[in-house]
Amino acid sequence: EKGYETGEHAPGLKLGGCGAYKAAHHIIKTHAKVWHSYNNTWRSEQQGMVGISLTSGWGEPVDPHSQRDRDAAERYIQFHLGWFANPIYRGDYPEIMKNYVGRKSSQQGLGTSRLPTFSVQEKIYIKGTSDFLGIGHFTTRYVLQKSFPFLQVSSYHTDSDLAELVDPKWPAPGSKWLYSVPWGFRRMLNFIKTQYGNPLIYVTENGVSERVQCTQLCDEWRIEYLKGYVNEILKAVNDGVNVRGYTAWSLLDKFEWNKGFSERFGFYHIDFKNKNKPRYPKASVDYYKRIISANGFPNPREVMA
């Protein structure tokens with residue numbers, strides 16, 4: 001979407017309303033081809049797994065008693081996670097995406113939907129092409145219904161007819177889009193369980209950045225974020241969600257898309273101005289080491305030797 005819709009990321013194309021859908025369509029078909037290639041050629045010998053990693057936020061209705069808000073929250077999830085997961089696990093794009101993009105395309109006078117279609121053969125070929133589901137997750141939004149006028153230029157962002165809100169009380173230590181809302185992750189994991197047949201899940205990205213360079217390496221907000229999110233994943237495991245592994249994002253501060261080195265997600269602070277790029281552990285390193293060694297939260301009564 002940022003590469004083919006808004007042009008913020010490489011390759012920098014601004015193909016409003018159709019570019020992101022076309023790119024995603026090719027990604028899904030290519031992913032299926034790779035899965036089948038492995039399945040037919042190497043699986044019997046290597047016994048490996050091929051999956052896909054999808055990054056999505058969670059959408060929560062502003063008013064859980066409002067059907068309009070609940071429907072809008074459902075669209076949020078389907079236009080993010082379902083866009084890729086639904087074809088792979090259920091054989092086609094989410095009905096809500098097909099309906100909304102199709103209706104808006106016809107209102108614009110287009111002969112066909114801006115959302116491409118899979119042939120019957122492609123649907124069969126794509127369905128089931130994932131031995132595990134990788135999930136990148138960082139944050140949550142409150143969602144409500146918002147209709148966009150027909151005359152507006154078509155866009156992935158306006159196709160779903162919704163507005164995203166945040167609670168000003170949510171901690172927001174880093175990137176301007178990233179609010180700490182741990183309970184949203186448990187809800188998303190349970191959604192995956194019920195929608196896609198409880199697939200094997202590996203959390204491939206989960207973490208938080210910092211806006212200001214913390215010279216004392218005192219990233220207590222990262223410790224709080226990790227504590228909250230890991231705790232909600234453990235609750236999801238108790239709910240019966242098949243989460244097998246967790247990867248915190250990230251080990252080192254790094255080049256962050258079009259933000260460059262200005263947003264730091266790492267456990268280790270990198271001095272980018274020094275040609276040797278020395279690395280310094282932040283406070284979260286010791287905390288995360290304890291979580292790893294206990295495979296969860298350490299017993300608070302245990303005395304460290």
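Guide: The side chains of Lys-282 and Glu-210 meet in a salt bridge, at 3.3 Å from N to O; a salt bridge here is a side-chain nitrogen of Lys or Arg within 4 Å of a carboxyl oxygen of Asp or Glu. Lys-282 lies in the loop between strand 9 (279-281) and helix 9 (283-294) and Glu-210 in the loop between strand 6 and helix 8, so the pair ties together parts that are 72 residues apart in sequence. Helices (H or I, at least four residues) and strands (E, at least two) are DSSP runs numbered from the N terminus. This is a predicted model, in which local features need pLDDT of at least 70 and side-chain atom pairs count only at pLDDT 80 or more, while totals for chains, interfaces and linings use all residues. Residues are numbered from 1 along each chain as its sequence is written, and side-chain values use heavy atoms, with hydrogens and water left out.

Visitor: Are Lys-282 and Glu-210 buried or exposed?
Guide: Lys-282 is buried, at 4% relative accessible area, and Glu-210 is buried too, at 3%. Buried means under 20% relative accessible area, exposed over 50%, and partly exposed in between (1.4 Å probe, protein chains only).

Visitor: What does Asp-253 pair with?
Guide: Asp-253 forms a salt bridge with Arg-264, and their closest N and O atoms are 2.7 Å apart. Both residues sit in the loop between strand 7 (243-246) and strand 8 (268-270), 11 residues apart. Asp-253 counts as buried at 4% relative accessibility, and Arg-264 is buried at 7%.

Visitor: Changing topic, which residues touch the most other members of the largest nonpolar core?
Guide: Within that core of 52 residues, they are Tyr-21, Leu-81, Trp-83, Ile-135, Leu-189 and Ile-192. A nonpolar core is a set of buried Ala, Val, Leu, Ile, Met, Phe, Trp, Tyr and Cys residues joined through side-chain atoms within 4.5 Å. Among the elements that each supply at least two residues are helix 1 (19-41), helix 3 (67-90), strand 3 (133-136) and helix 7 (182-195), and helix 3 gives the most, with 11 residues.

Visitor: What does Ile-135 touch?
Guide: Leaving aside residues up to four places away in sequence, its contacts (heavy atoms within 4.5 Å) include Leu-81, Phe-185, Ile-192, Val-203 and Glu-205.

Visitor: Which UniProt annotation covers Glu-205?
Guide: The unreviewed UniProt entry gives "active site" for Glu-205; such positions are given in the numbering used here, feature names are shortened, and annotations may be inferred rather than shown by experiment. In the model, Glu-205 lies in strand 6 and is partly exposed, with a relative accessible area of 23%. With residues up to four places away in sequence again not counted, Glu-205 touches Ile-135, Gly-136, His-137, Phe-138, Thr-247 and Trp-249.
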